[in-house]
Amino acid sequence: MKIANGHEIIQLFESWSPKKLACMENDPIGLAIGTLNKEVTKVLVTLDVNDEVADEAIQKGCQLIIAHHPPIFRKLANLRTDTPAGKLYEKLIKNDIAVYAAHTNLDVATGGVNDLLADALQLENKQILEKTYHENLMKLAVFVPDEYAEKVRFALAKAGAGHIGNYDSCSFSTNGQGRFRALEGADPFIGEIGEMETTDEEKIEVVFPQSIKNKVLKALLNAHPYEEPAYDVYTLAVETKEMGIGRVGTLKEPMTLKQFAQFVKTQLDVPMVRLVGQTETLVSKVAVLGGDGNTYIHAAKWSGADVFVTGDVKFHIAQDAQNLGLNIIDPGHHVEKVMMKGVADKMVQLCSSSKLSVEFIQSEIDTEPFIFI
């Protein structure tokens, strides 16, 4: 295990929750404060960054904070250290603590905020509430000497090719013969200059998302023994990696709206929820969206959900949902705190696989601004 720098940690994070998944215009994600060009041994994972969280990071010796809510949400007209926000930024900078924000990209990411909420509510048969991202599949077909086929397959799989659904290392092979003649100036791996050569080869075919094309080709060229490997790359008509905001799933057993509200309180660890709907209505299909879900009530209704679990529901939006016949449970915005454990666990896994020695600490500061009485 080696000590990581900030760039290595964030590269791993973005392999899971890349910026391209962000679905809010001008979402201020990424590095917000400080630098990643330094060694990082401890990372604090938090929902929000406030003065207490900054003190916690200092006390625990963290060099980096990964937050869900961006600490700088709007462009700064100035940076005054006699304001609460300015004092916070000054404290973080003086203590060399970088802050990286993953907002709607973490909402959309597989295993991100909305999956974590759906899992907490024990939803089955999960689907995306509203699709916000897709990319095309590509296929690579490469011809490799038989004795090097396994090495090339492994390199391609490690680069992410052949990852389909819940399976990885997927490939297809056919055997045949390759023919070529090396010309003057070549440095052939097999055969002699000027002579025709025939060799047993395996054709390996793998699919991969378009976004990792360069990574896959680099892995291929590094693993292939030939000076000039023969390969084809083409785009498939199939779209893959459909991703989006929110989740829809079913309960193991139907509940009344009142029973489900109590379940939500327990599972999401909140002192109260707000309800829209008749408490004795049976609910089975559930839509869930972390944070402010006001603009998604129609998507929840069209999904066939009986109830929509989301935060910050406005008065008139609640009336609209009522008119649509859509039940709502509002447990507040702060339920997104599930991301702390989810991100910490995922990053421990990713860093361990890359043999990086990094400790991920879940913040113990409660950043919920509301007090319930």
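In this predicted model, helix α2 (residues 51-59) and helix α3 (residues 84-94) have axes that come within 10 Å and cross at roughly 10°. Angles under 35 degrees count as roughly parallel, and α2 and α3 are therefore roughly parallel to each other.

**The contact between α2 and α3**

- Helix α2 contributes Asp51, Ala54, Asp55 and Ile58 to the contact, while helix α3 contributes Leu88, Lys91 and Leu92.
- Sorted by class, the contact of α2 with α3 comprises 4 nonpolar and 3 charged residues, with no polar residues.
- In general, two packed helices are described by the angle between their axes and the distance between the axes.

**The sheet**

- An open sheet is formed by 5 strands, arranged in the order β2-β6-β5-β4-β16, and its pairing is mixed.
- Strands β2 (30-33) and β16 (359-362) are the edge strands, each of which pairs on one side only.
- From one strand to the next, the twist averages 30°.
- As a general rule, strands of a sheet pair through backbone hydrogen bonds, either parallel or antiparallel.

**The pairing of β4 with β5**

- Strand β4 (residues 42-46) pairs with strand β5 (residues 64-67) in the parallel sense, over 4 bridges.
- Val45 stands opposite Ile66, a residue in β5.

**The helix across the sheet**

Terms used. Residues are numbered from 1 along each chain as its sequence is written. This is a predicted model: local features need pLDDT of at least 70, side-chain atom pairs count only at pLDDT 80 or more; totals for chains, interfaces and linings use all residues. Side-chain values use heavy atoms; hydrogens and water are left out. Axes are lines fitted to C-alpha atoms, for helices over the stretch in contact, and angles run from 0 to 180 degrees between N-to-C directions. Helices (H or I, at least four residues) and strands (E, at least two) are DSSP runs, numbered from the N terminus. Angles under 35 degrees count as roughly parallel, over 145 as roughly antiparallel, 65 to 115 as roughly perpendicular and the rest as oblique. Contact means heavy atoms within 4.5 Å. Ala, Val, Leu, Ile, Met, Phe, Trp, Tyr, Cys and Pro count as nonpolar, Asp, Glu, Lys and Arg as charged, and the others, Gly among them, as polar. Two strands pair if DSSP finds at least two bridges between them.
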